[in-house]
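Okay, thanks for having me.

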Amino acid sequence: MKLEALAALFSLLAAANAHEGVFGRHAAIAQKRQDTTSSVSSASSSVSSSLASSQTSQASTTSSQGATSAVSSASATSAPVAPSAPAGPPATGANGVPPLSQITSGMPAGTTYAASETFPAGSTPSFSGAPPLPTPFVFSPGNWPAQDKIPPTDSPEVQEWIKELDGVNIPDFAPTVDGSCGGDPAAAAQAEQRGWWTCGGWTGPEDITMCPEKLTWGISFDDGPGPYTQKLLDYLDTKNQQATFFVVGSRCIERPQLLIEEHMAGHEISVHTWSHHALTTMTNEEIVAELGWTRKIIKEVLGVTPTTMRAPFGDIDNRVRAISLAMGLRPIQWTRFNGFAYDTNDWKVAAGTVSPTDQMATFNSILGNATLMDNGFIVLEHDLYEQTVDLAVGYTLDAARTHNPPFKLQRIGECMNIPLTDMYLETTTNTTFPAHRDTNTSGDPNGAANQSSGARSLTSPAVSVIIAAGMAVVGGSLLL
Ligand SMILES: [Zn+2]
């Protein structure tokens, strides 16, 4: 039913958008997803369908903040992209990517990349105590849920993982309609009580939302590993730069070698669910399945289990938080400050709703805004699409690296002073991290209120005032 709603919204986007071809194609794929089961052999279509899902939910989630309905927000989001003058770096190709103006949804597909290095079983990552790589992962369809679909909850695996919630106080409120504020006004009205990040930016005390040190940038890439991830890894390698990768289980079974390469290069690996749907829309059991299967594939490929997660679209509330923490996964969001989120909007370029020059203008605004913060910050980028990888490799990362004042680019755990060992269950030496079963972090309205105030304690008083002002302006929601 949710997929049907998403498909309907997507059709609206398709009809209204000038880039009919791209949207139409992905809308068709989104529709097709309701009737078909993708497989590993249909890697390209499953990647595309993931994009469609991402576009739809992102559009719904983002634009509905402050909007009254999904329909009206869809119309607002899909307004034609106005041409604009280039901003920021010159529109010339760099690091083997096209000129900025040519990085569009309709750009010719470039070279796709297989993993450039192979690491045999027994290879050992560089960090202390890291277990050797296990026997190479071999995909067997009968052992895994269908790609890009919320896994069933009646499997023996999920039934076992559900026991991890025993004794944990899970908030007892209903799933949201579609993970957006406009799509569920009743839930949006309870956003503070729910600790719902999507509607108002509410966070919990365990959430990682920014780096503590000023001018420090926590780098993250979501939704991979994908056909162009290798291009990004090569770039990061030349700069001796590590990042945090929030990986999707359905993508990991397609490209386990890339997951290994990320891990062996010292990047951090974190859980980004199995099917990449909005978690607040799901039952407790479905959330367990989404997180559990992704933990499992990462463990089978790498031999380690992440201790962190990021909700798709950042759509998290106290119920999702409590389940994630009970499963040993600490939430990581991206920074919100001064009325907008540190979302580079790179995915909108891939979707055809934002021009690359406008995207860079947004990005430069983030860089300028970041210099005003007392803290460092976490930025959202993606490695699933060619456009987003090209923007990162050719433009955004270099812009940050050469910025004045200079930024210190780090993995998110690194910027939080969390050792790489503590990012994984098998190697952590921290008895209070990964997250624990402390019921004080979840549950009743008082707990929710504490979570919100606790989150604000991570920010400076000035930031809290700005957040409060922003909420007042838009009637309880921070606009992205
Ligand atoms: Zn994502």
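So, to start: where is the place of Pro405? This is a predicted model, by the way. Pro405 sits in the loop that runs between α15 (386–401) and β9 (408–410). The bond to look at there is the one joining Asn404 and Pro405, which is a cis peptide with omega at about 5 degrees.

There's another cis peptide bond, between Gly224 and Pro225, where omega is about 0 degrees. You'll find Pro225 in the loop between β1 (216–222) and α8 (229–238).

Now over to phi angles. Asn240 isn't a glycine, yet its phi is positive, about 50 degrees. It's in the loop between α8 and β2 (244–247). Buried or exposed, then, this Asn240? Exposed, because Asn240 has 8 C-beta neighbours inside 10 Å, and the cut-off for exposed is 12 or fewer.

Asp148 is also a non-glycine residue with a positive phi, near 65 degrees. Its place is the loop between α4 and α5.

Last stop, Thr111, found in the loop between α4 (70–77) and α5 (156–162). Thr111 counts as exposed because it has 10 C-beta neighbours inside 10 Å. And if you follow the chain, Thr111 and Tyr228 are 117 residues apart, but their C-alpha atoms are separated by 8.1 Å.

Definitions and conventions. Residues are numbered from 1 along each chain as its sequence is written. This is a predicted model: local features need pLDDT of at least 70, side-chain atom pairs count only at pLDDT 80 or more; totals for chains, interfaces and linings use all residues. Helices (H or I, at least four residues) and strands (E, at least two) are DSSP runs, numbered from the N terminus. A residue is buried if 20 or more other C-beta atoms lie within 10 Å of its own, exposed if 12 or fewer, and partly exposed in between; C-beta atoms are placed from the backbone.
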